[in-house]
Amino acid sequence: DNALKIFNYRLLIVGTMHWGALVDGIVWFVENVFSSVIQRNSRYKLFLVGANPSDKIIELKERYADNIVVTGTVEDVSKYYDMCDISIVPMFEGTGTKLKVLESLCRGIPTISTSLAAKDYELTDEVLIANTSDEFQENIFLLEQDAKLRIMLSEKMQNYIDGYYVLNESIIKELQS
């Protein structure tokens with residue numbers, strides 16, 4: 001995929017921007033990872049896409065005005081998945097399904113996730129796992145430098161989705177009976 005060959009220094013976090021566990025994860029990510037990433041390369045931008053940004057999210061945007069974009073509610077997140085290079089899922093707490101990992105898989109965007117957020121899926125090497133500041137930074141810079149890795153991850157994500165989330169006619173008939 002030609003889009004994956006070009007790296008635009010854009011990171012993406014999608015979600016409800018007032019949900020406590022996500023807000024905590026974003027604050028941790030910005031303070032422990034992103035602040036170091038932009039010291040190394042100020043071209044990086046972090047897009048925080050989602051409804052009702054909390055005061056903590058607005059404060060991050062004000063503190064890192066040149067490098068953080070907070071969208072608030074958007075009609076369609078597709079354009080942000082298309083324009084960004086890496087999806088970040090910085091979840092260290094919270095329960096329930098981790099739809100952000102699934103959404104990233106479906107979009108084929110190279111993804112760095114905590115092991116907690118990825119635990120509900122039988123992933124092998126479709127996403128990069130990071131649980132520490134160093135691991136997140138290493139994976140960001142690895143993806144920045146390695147277009148072949150970005151393309152390979154995207155292909156593995158597509159294969160994962162094709163293999164696990166296909167509703168063929170026989171499955172649909174079985175569900176209807």
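Is Arg 107 buried, partly exposed or exposed? Arg 107 is partly exposed, with a relative accessible area of 36%.

The structure is a predicted model, where local features need pLDDT of at least 70, side-chain atom pairs count only at pLDDT 80 or more, and totals for chains, interfaces and linings use all residues. Residues are numbered from 1 along each chain as its sequence is written, and side-chain values use heavy atoms, with hydrogens and water left out.

Start with the overall plan. The chain has nine helices and six strands. Both are DSSP runs, numbered from the N terminus: helices are H or I with at least four residues, strands are E with at least two. The chain has 177 residues, and 48% of them are buried. Contact means heavy atoms within 4.5 Å. Of the contacts in the chain with a separation of 6 or more, 65% are between residues 24 or more positions apart.

Now look at the sheet. Six strands form an open sheet with parallel pairing. Their order is β3-β2-β1-β4-β5-β6. β3 (68-72) and β6 stand at the edges with a single partner strand each, so one side of each has no neighbour in the sheet. Two strands pair if DSSP finds at least two bridges between them. In a regular strand the side chains alternate between the two faces of the sheet.

Follow strand β1, residues 10-14. Four of its five residues are buried. β1 pairs with strand β2 (residues 45-49) in the parallel sense, over five bridges. Arg 10 has Lys 45 in β2 as its bridge partner. β1 also runs parallel to strand β4 (residues 86-89), joined by two bridges. There, Leu 12 stands opposite Ser 87. Elsewhere in the sheet, two bridges join strand β5 (residues 111-113) to β6, again in parallel. Ile 112 has Leu 128 in β6 as its bridge partner.

Next comes the interior. A nonpolar core is a set of buried Ala, Val, Leu, Ile, Met, Phe, Trp, Tyr and Cys residues joined through side-chain atoms within 4.5 Å. The largest one has 46 residues. Phe 29, Tyr 44 and Ile 140 have the most contacts inside it. Helix α2 (residues 20-40) gives the largest share of this core, 11 residues. Phe 29 touches several residues, including Leu 11, Ile 13, Leu 46, Ile 88, Phe 136 and Ile 140, when residues up to four places away in sequence are not counted. Another core lies apart from the largest one.

Turn to the charged side chains. A salt bridge is a side-chain nitrogen of Lys or Arg within 4 Å of a carboxyl oxygen of Asp or Glu. The structure holds five. In one of them, Lys 100 meets Glu 103, with the closest N and O atoms 3.3 Å apart. Both residues lie in helix α5 (residues 99-107), three residues apart, about one turn of the helix. Lys 100 is partly exposed, at 30% relative accessible area.

Glu 103 also forms a salt bridge with Arg 107, at 3.8 Å from N to O. Why are these two about one helical turn apart? Arg 107 and Glu 103 are about one helical turn apart because they stand four residues apart in helix α5.

Another salt bridge joins Lys 156 and Asp 125, with the closest N and O atoms 2.5 Å apart. This pair links distant parts of the chain, 31 residues apart. Lys 156 sits in helix α8 (residues 147-164), while Asp 125 sits in the loop between α6 (115-118) and β6 (128-129). Lys 156 is partly exposed, at 24%, and Asp 125 is partly exposed, at 38%.

Last, the cysteines. A disulfide is a pair of cysteine sulfur atoms within 2.5 Å. The whole structure has zero disulfides. Cys 84 is buried, at 7% relative accessible area, whereas Cys 106 is partly exposed, at 46%.

Terms used:
Buried means under 20% relative accessible area, exposed over 50%, partly exposed in between (1.4 Å probe, protein chains only).
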